[in-house]
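Dear colleague,

Please find below the structure that I am passing on to you, together with its sequence.

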Amino acid sequence: QQYFNPSLPLKGKKALVSAGPTYEAIDPVRFIGNYSSGKMGYAIAEALEKRGAQVTLVSGPTTLPSPTNVEKHTVISAQEMLDACERYFDESDIVVMSAAVADYTPVQVASEKIKKKEDTFRIELKRTTDILASLGKRKTNIQTLVGFALETNNEVENATDKLKRKNLDFIVLNSLKDEGAGFAGDTNKVTVINRNGEHQSFSLKPKNEVAEDIVNTIIRHQETINA
Ligand code: CTP
Ligand code: CA
């Protein structure tokens, strides 16, 4: 048992963070991916570590340097990300799923490079497992589970719906409408919604500061759990 240190409120806590895109293979040289840079998730992993948590980062393909003092596991596909997250979930006090996981994956992966033939070409896709929702089913009341929501319309309503459906403590809504917010850049503008439907809107700021805001929310939640 550690002595409480106000600057390291998460000392003794384990955290799991997912970050980045997933790549779903089509053939040996092609995949379906998305524009996620992983920056938001990496910033959250760093912010949790700075406050004393022991952090495991499950990352899709990114070009970012590994955060220091964080155990990083690199994965490619949604299925690999699911397997890694399930492995670390039960032991984690704090779980933040910020990865942009593919919702669909090819039904078949061609073993050889697909040659061009017809003018049109179809790829049949099937749903992937929703990692966050499957973790939500296993969540205990001493764990803090945080998800993200990317919406372009009815944002708060859709995000609140995701929070409930996936059994989360908080959902972080990305405001895509604002200049400077979103996937690739270094800044973000978010609204954090809790289970009571209360929301807190933060201003546009660098992703590492957004991460600190999110981590402060998590710290307060862990304090109420442990009080
Ligand atoms: N998520 C996940 N596994 C998936 C899909 C999404 O863990 N297969 C997580 C994301 O990491 C994020 C949250 O679910 O924390 C919401 O992702 P988002 O794409 O906004 O929502 P979806 O539930 O996939 O719904 P839709 O894309 O249809 O809006
Ligand atoms: Ca999705």
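The notes below go from the overall fold to the pocket and the ion, and then to individual residues.

Please bear in mind throughout that this is a predicted model.

**Overall fold**

The secondary structure of the protein chain consists of five helices and 14 strands. The C-alpha trace spans about 65 × 35 × 30 Å along its principal axes. The radius of gyration is 18 Å, which agrees with the value near 17 Å that a compact globule of 227 residues would have. Of the 227 residues, 48% are buried. Among contacts in the chain with a separation of 6 or more, 61% are between residues 24 or more positions apart.

**The largest pocket**

The largest pocket has a volume of about 960 Å³. Its lining comprises 39 residues, and those nearest the pocket centre are Ala99, Ala100, Val101, Asp103 and Phe148. By class, the lining contains 16 nonpolar, 15 polar and eight charged residues. Several elements contribute at least two lining residues each: strand E1 (14-19), helix H1 (39-50), helix H3 (131-138), strand E9 (144-151) and helix H4 (155-165).

**The calcium ion**

Which residue supplies the protein donors of the calcium ion (ligand 2)? Both entries name Asp103 (OD), and the donors lie 2.4 to 2.7 Å from the ion. Aspartate 103 is located in the loop between strand E6 (94-97) and strand E7 (104-106). Asp103 is also one of the residues that lie nearest the centre of the largest pocket. As water is not among the atoms, the site may look incomplete.

**Helix H3**

H3, which supplies at least two residues of the pocket lining, is mostly covered, with six of its eight residues buried. These are Ile131, Leu132, Ala133, Ser134, Leu135 and Gly136. The elements against which the buried residues of H3 pack are helix H2 (78-89), E6 and E9.

**Leucine 10 and isoleucine 219**

Leucine 10 belongs to the segment before E1, and isoleucine 219 to helix H5 (residues 207-226). Leucine 10 has a relative accessible area of 1% and is therefore buried. Isoleucine 219 also counts as buried, because its relative accessibility is 7%, under the 20% limit for that class.

Leaving aside neighbours within four places in sequence, isoleucine 219 is in contact with Pro9, Leu10 and Arg51. Leucine 10, on the corresponding count, touches Leu48, Arg51, Gly52, Ala53, Ile94, Val215 and Ile219.

Isoleucine 219 and glycine 12 are 207 residues apart along the chain, with their C-alpha atoms separated by 13 Å. For leucine 10 and glutamine 143, 133 residues apart along the chain, the C-alpha separation is 13 Å.

**Residues in loops**

Is threonine 63 buried or exposed? Its relative accessible area is 81%, so threonine 63 is exposed. Threonine 63 sits in the loop between E4 and E5. The C-alpha atom of threonine 63 is 7.8 Å from that of serine 37, a residue 26 positions away along the chain.

Asparagine 69 lies in that loop as well, between strand E4 (54-59) and strand E5 (70-74). Its phi is near 60°, a positive value in a residue other than glycine. Most residues other than glycine have a negative phi. Asparagine 69 counts as exposed, because its relative accessibility is 66%, over the 50% limit.

Asparagine 154 likewise has a positive phi, of about 40°, although it is not a glycine. Asparagine 154 is found in the loop between E9 and H4. With a relative accessible area of 48%, asparagine 154 is partly exposed.

Glutamate 124 is placed in the loop between E7 and strand E8 (125-127). Its relative accessibility of 59% means that glutamate 124 counts as exposed. Not counting residues up to four places away in sequence, glutamate 124 touches Thr105, Pro106 and Val107. The C-alpha atoms of glutamate 124 and glutamine 108 are separated by 7.7 Å, and the two residues are 16 apart along the chain.

With kind regards

Terms used. Residues are numbered from 1 along each chain as its sequence is written. Chains are lettered from A and ligands numbered from 1 in the order in which they are written. This is a predicted model: local features need pLDDT of at least 70, side-chain atom pairs count only at pLDDT 80 or more; totals for chains, interfaces and linings use all residues. Side-chain values use heavy atoms; hydrogens and water are left out. Donors are N, O and S atoms within 2.8 Å of the metal (3.2 Å for Na, K and Ca); water is not among the atoms, so sites may look incomplete. Helices (H or I, at least four residues) and strands (E, at least two) are DSSP runs, numbered from the N terminus. On a 1 Å grid over the protein atoms alone, a cavity is a set of points where a 1.4 Å probe fits but cannot get out, and a pocket is an open set with protein on both sides within 12 Å along at least five of seven lines; lining residues have an atom within 4 Å of a point. Grid points are joined across faces, edges and corners, and a volume is the space filled by probe spheres set on the points. Ala, Val, Leu, Ile, Met, Phe, Trp, Tyr, Cys and Pro count as nonpolar, Asp, Glu, Lys and Arg as charged, and the others, Gly among them, as polar. The radius of gyration is taken over C-alpha atoms; the globule rule is 2.2 Å times the number of residues to the power 0.38. Buried means under 20% relative accessible area, exposed over 50%, partly exposed in between (1.4 Å probe, protein chains only). Contact means heavy atoms within 4.5 Å.
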